[in-house]
Amino acid sequence: MRVTVSWLREFVDFDLGVEELSRGLTFLGQEVESVRSERESAEAEWLVRLSGDEGFELDDMVLDLEITPNRPDCLSVLGIAREVSLLVDKPLRVRKVKLSEAGRAVEDAASLEVREVEACPRYTGRVITGVTVGESPVWLKRRLLAVGLRPINAVVDLSN
């Protein structure tokens, strides 16, 4: 799994250098296999083109972590940020999302039948309307490219 240092800093305030951060994460069981700059990332060509068009520097570092099968909680940026929070003993910042229920009832928009209740005792979902498929903002494209994913459109990119 790849994550950028700046992305982790959005969730946790820390002053560790990249080497110290890598050692600390490895000590916690999240082995850092490699560290490279955005320029050295798998999608460097796309990033260079995007940075030239948008005028930002390619100065972020990308950590490539080997996540063990027993730690699926670390298969996201938030999961790794939790580990960093433990490492530096500082609080994790998580944005609060406020959703409002409006419009027609979910039962009128979608239906679902759970055929194997034993295997799936609980299923939740949400219907979101009014979404326009379009180009992702530059900040999102940059992050996806840095971690080896190609931007497609705002809806797909947000789910990634």
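Residues are numbered from 1 along each chain as its sequence is written, and side-chain values use heavy atoms, without hydrogens or water. Because the model is predicted, local features need pLDDT of at least 70 and side-chain atom pairs count only at pLDDT 80 or more, while totals for chains, interfaces and linings use all residues.

**View 1. Three strands form an open sheet.**
The order is β1-β3-β2, and the pairing is antiparallel. Strands (E, at least two residues) and helices (H or I, at least four) are DSSP runs, numbered from the N terminus. Two strands pair if DSSP finds at least two bridges between them. β1 (2-4) and β2 (31-37) stand at the edges with a single partner strand each, so one side of each has no neighbour in the sheet. From one strand to the next, the twist averages 25 degrees.

**View 2. Strand β1 meets β3 (residues 61-66).**
The two strands run antiparallel, joined by three bridges. V3 has L63 in β3 as its bridge partner.

**View 3. Helix α3 (residues 44-54) has a buried side and an exposed face.**
Which residues of α3 are buried? They are A44, L47, L50 and S51. Buried means under 20% relative accessible area, exposed over 50%, and partly exposed in between (1.4 Å probe, protein chains only). The four buried residues cover an arc of only 125 degrees around the axis, which puts them on the same side of α3. That arc is taken from the directions from the helix axis to the C-beta atoms. The buried residues pack against α6 (138-146); contact means heavy atoms within 4.5 Å. The face turned away from the buried side carries exposed E45, G52 and D53. G55 follows α3, with a positive phi near 75 degrees.

**View 4. The largest pocket has a volume of about 650 Å³.**
A pocket is an open set of points on a 1 Å grid over the protein atoms alone, with protein on both sides within 12 Å along at least five of seven lines. Its volume is the space filled by probe spheres set on the points, which are joined across faces, edges and corners. Lining residues have an atom within 4 Å of a point. The lining counts 22 residues; W7, F11, V77, L158 and N160 lie nearest the centre. α4, α6 and α7 (154-159) each give two or more residues. The largest share, four residues, comes from α6.

Methods
Axes fitted to C-alpha atoms, helices over the stretch in contact; angles between N-to-C directions. 1 Å grid on protein atoms, 1.4 Å probe; cavity = no way out; pocket = protein on both sides within 12 Å on 5 of 7 lines; lining within 4 Å.
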